[in-house]
Amino acid sequence: MKNKYPGIGKTENMIELSQTSDGSFVCGKDGVETIFTPQDRKVEFVAFSDKMMCYVKSAMGYPAWYKVPEVCYEGPAKAILMDLDGTSVKSESFWMWIIEQTTAKLIKNPHFELESADEPHVSGHSVSEHLQYCIDKYCPGKDIREARKIYFETTEYEMKEILEGRGKQGAFTPAPGLKEFLEEVKGNGIRIGLVTSGLYTKAMPEIISAFQTLKMGDPLEFYDAVITAGQTFKKGQSGTIGELAPKPHPWLYSETAKVGLGITEDEKCHVLGFEDSSAGIMSIRLAGFAAVGIRGGNIHASGMDSLCMRQYDLLGDALPLLLGR
C-alpha cells in the first residue's frame, strides 16, 4: 500500500477494500487509487492522486463524506483543543459501564457484560451511536428511543449517587498531571478549549468533579471555551445535533476553534488537538488540525496511530512540543 498521502502516514495496519461500504467508489475506477479502513472500520479512506477523501459512517443513518485536509504544526502553540473523557478525566470505563447497564436492562439480563471487542464501539462516539451498536449486536429490533430513556434514567440515578457519596468508586479521576499541564499551558498565554462528544448534562459533572479534586475552581472560568455535544431535555430526553454529528465528524472541534477560540485559518498551524480515542483523532484531523494522541485509549487498537503527529503517555510530556522548546 502506498504511503504518499499527507496527513495519513503509514497505512500498513489498515485494511484494504475493493470498494466503499456505500458503493460510491470502487478501487481502480474514476481515479480511485486505493481504498482502506482502520481496524475499527468506523471510517473509510479513498485515495486519489491529488486528494484523500474520508467516509464517516453512522449507526444512526447519517453518514458523511469529507476531504481530509493537509495539516501542519509550528510551535509555539497559540491554542490547544482538549478532549474530556480519557484525555482530561479518566471516566471511559464508567460510561462504558453505563452502556452495559442500559443494555442489560434492555435485554432483561442483569448479568449481561460487554465483550472486549465492543470497546471501540462504545467509547469516543455519541450516546446514540453507542446504544445503536449494542442494539444491533445484542437485541435487534429494540427501539433506540427506549434505549436512550433507560440510559438517561440510569445516568441520572448514578450521577446523583456519586454526588451524594454512594456512587461507583473512581468514576471521575483527573488525568495524571492534568493540573500542572493546564496551568503551564495557561501561564504561557496559550488558549484552551475543552471538547467532548458527551452531552452537557454528563460532561459538566465530570470536569467540575475533576476541578474540585484538583482545587482549581470553576472550569467555566478557567477554560477559554467549552463545547459539548449539546443539551438533554427532560421530556423525551432528546439531544441536539451533537448526537448525529459527534466525533469523528469535525464539527465539535471546528466549533470550539472557530467560534469558541476565534482561531483563524492562518493560526491553524499553531493549534494542537489532544485525544485518546480514534474517533477524536479523526475529528481533529478533519477539522484541519494536527493531532496528539494520549496513550491508554483505543487509538492503537483501532489502527489510527498514523494520524497522530505524536503520541505520549502523559499530557506533561507534550509541553516541549507546545512551547516550542
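Reader: In what order do the strands of the open sheet lie, and is the pairing parallel or antiparallel?

Author: As a general idea, strands of a sheet pair through backbone hydrogen bonds, in either a parallel or an antiparallel way. The model here is a predicted one. Its open sheet consists of five strands, arranged as β1-β2-β3-β4-β5, with antiparallel pairing.

Reader: Which are the edge strands?

Author: They are β1 (15–16) and β5 (64–67), each of which pairs on one side only.

Reader: Over how many bridges do β1 and β2 pair?

Author: Strand β1 and strand β2, the latter spanning residues 34–37, are joined in the antiparallel sense by two bridges. Within this pairing, Ile15 is placed opposite Thr37 of β2.

Reader: Which strands does helix α8 lie across?

Author: Helix α8, residues 278–286, lies across β3 (43–47), β4 (52–56) and β5. Relative to β4, the helix runs at about 135°.

Reader: Let us turn to the largest pocket. What is its volume, and how many residues line it?

Author: The volume of the largest pocket is about 270 Å³, and 19 residues form its lining. Those nearest the centre are Lys42, Lys57, Ser58, Ala59 and Glu129.

Reader: Which elements give two or more residues to this lining?

Author: These are β4 and α2 (127–138). Helix α2 gives the most, contributing four residues.

Reader: How do the lining residues divide into nonpolar, polar and charged?

Author: Seven are nonpolar, five are polar and seven are charged.

Notes:
Residues numbered from 1 in each chain as written. Predicted model: local features only at pLDDT ≥ 70, side-chain atom pairs only at ≥ 80, totals over all residues. Heavy atoms only, no water. Pairing = 2+ DSSP bridges. Contact = heavy atoms within 4.5 Å. Axes fitted to C-alpha atoms, helices over the stretch in contact; angles between N-to-C directions. 1 Å grid on protein atoms, 1.4 Å probe; cavity = no way out; pocket = protein on both sides within 12 Å on 5 of 7 lines; lining within 4 Å. Points joined across faces, edges and corners; volume = space filled by probe spheres on them. Nonpolar A, V, L, I, M, F, W, Y, C, P; charged D, E, K, R; others polar.
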